[in-house]
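Student: I am new to this structure and would like to learn how to read it one feature at a time. Could you show me the model and then take me through some of its residues?

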Amino acid sequence: MSMGHYTNLTDPRTELEVVRDWNGVDQVVLRSPRGAYARVSLHGGQVLSWRNDRGEELLFTSSKAIFKPPKAMRGGIPICFPQFGNSGTLEQHGFARNRIWALDEEHPPLNQNDNNSKASVDLILKPSEDDLKCWPHGFEFRLRVSLTKDGNLSLVSRIRNVNGKPFSFSFGYHTYLSVSDISEVRIEGLETLDYLDNLSQRERFTEQGDAITFESEVDRVYVSSPNVIAVLDHEKKRTFVIRKEGLPDVVVWNPWEKKSKNIVDFGDEEYKQMLCVDAAAAERQITLKPGEEWTGKLELSEVPSTNCSGHLDQPGIII
């Protein structure tokens with residue numbers, strides 16, 4: 001179905017630019033002064049699009065993506081909560097990505113000067129009666145999505161236990177990056193780390209390479225990872241810098257040729273144009289006592305690549 005069927009609205013309470021998709025679901029549009037753009041759907045709280053000031057799309061969306069709730073759309077940044085992957089009793093990646101979120105009218109301020117030159121939207125998810133049947137824990141999940149004046153995309157998740165007893169969850173920002181050719185991409189910042197290999201029953205290995213490159217299927221959880229990593233796209237001469245807080249793991253996934261053919265909402269050759277690099281809490285669950293709140297942050301930026309290595313040492317890239 002064409003991506004073009006939108007109805008433009010403006011929410012008078014918030015002055016947000018809102019479009020309504022063909023399923024009647026609201027999407028919020030964020031724009032930076034220099035022309036960068038992001039679009040966030042209330043279906044799943046999912047970022048569907050992030051473009052730089054030259055209009056280039058930086059997130060991958062499958063040409064076969066299904067835009068129909070309750071199924072999550074294949075691409076963008078699905079929010080995985082309260083389960084990451086299929087290592088639990090819930091549906092894969094949990095239910096948050098399949099629910100309709102609400103605009104958060106209260107949006108309590110974050111404890112920092114976070115509104116400085118940012119376009120942002122605040123969303124909230126609370127469990128439905130059906131959610132409580134399959135996962136009986138009271139929570140409030142607040143999500144702030146922001147676009148900085150430089151065009152960086154920021155997601156801040158705050159999950160509060162409003163239950164009478166502790167609960168545990170896993171979490172991930174399942175980030176589909178758009179790349180020119182997967183064979184020309186490398187990741188820096190995960191060298192020498194231990195990882196759990198989901199292709200080998202989560203067996204633990206140690207990364208041996210100077211940088212991670214791709215020539216076959218990859219599905220790994222890099223544990224105790226640094227808070228800044230870089231994804232270098234040699235052909236496009238650009239680097240994605242991924243900054244994270246509160247999320248100890250990085251999940252790297254590309255289905256490659258054979259598995260792509262078995263994914264209904266994914267093109268047979270599309271593995272060449274995408275790479276998932278997810279800031280996550282996947283190895284160990286996070287536990288919240290009653291009244292406690294957890295915060296997990298992700299910031300994505302795009303910078304021109306140079307021909308040499310050392311992107312993580314450049315001024316302005318480290319948090």
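Student: In this predicted model, is Arg97 buried or exposed?

Tutor: A residue is called buried when its relative accessible area is under 20%. Arg97 has a relative accessible area of 17%, and therefore it counts as buried. In the chain, Arg97 belongs to the loop between β6 and β7.

Student: Which residues does Arg97 touch, not counting residues up to four places away in sequence?

Tutor: With those sequence neighbours set aside, Arg97 touches His43, Gly44, Ala72, Pro78, Ile79 and Gln92. Gln92 is found in the loop between β6 (79-80) and β7 (102-103), and its own contacts, again leaving aside neighbours within four places in sequence, are Gln83, Gly85, Asn86 and Arg97.

Student: How does one read the accessibility of Gln92?

Tutor: Between the buried limit of 20% and the exposed limit of 50% a residue is called partly exposed. Gln92 has a relative accessible area of 41%, so it is partly exposed.

Student: Which residues does the UniProt annotation "binding site" cover?

Tutor: An annotation of this kind comes from a record, and it may be inferred rather than shown by experiment. Here the UniProt entry, which is unreviewed, places the "binding site" annotation on Arg74, Gln92 and Arg97. These residues are spread over 24 residues of sequence, yet they cluster in space, with a largest C-alpha distance of 13.2 Å. Arg74, Gln92 and Arg97 are also part of the lining of the largest pocket.

Student: Why do Thr192 and Gln201 count as exposed?

Tutor: The word exposed is used for a relative accessible area over 50%. Thr192 counts as exposed because its relative accessibility is 61%, and Gln201 counts as exposed because its value is 75%.

Student: Is Glu207 buried or exposed, and where is it found?

Tutor: Glu207 is found in the loop between β15 (203-206) and β16 (212-213). Its relative accessible area is 11%, so Glu207 is buried.

Student: What does Glu207 touch, and with which side chains does its side chain make a polar contact?

Tutor: Not counting residues up to four places away in sequence, Glu207 touches Leu190, Glu191, Thr192, Leu193, Tyr195, Ile212, Arg220 and Tyr222. The side chain of Glu207 makes a polar contact with the side chain of Arg220 at 3.1 Å, and another with the side chain of Tyr222 at 2.7 Å.

Note on methods
Residues are numbered from 1 along each chain as its sequence is written. This is a predicted model: local features need pLDDT of at least 70, side-chain atom pairs count only at pLDDT 80 or more; totals for chains, interfaces and linings use all residues. Side-chain values use heavy atoms; hydrogens and water are left out. Helices (H or I, at least four residues) and strands (E, at least two) are DSSP runs, numbered from the N terminus. Buried means under 20% relative accessible area, exposed over 50%, partly exposed in between (1.4 Å probe, protein chains only). Contact means heavy atoms within 4.5 Å. A polar contact is a pair of N or O atoms within 3.5 Å; within protein, one must be able to donate a hydrogen and the other to accept it, and residues adjacent in sequence count only if both atoms are side-chain atoms. On a 1 Å grid over the protein atoms alone, a cavity is a set of points where a 1.4 Å probe fits but cannot get out, and a pocket is an open set with protein on both sides within 12 Å along at least five of seven lines; lining residues have an atom within 4 Å of a point.
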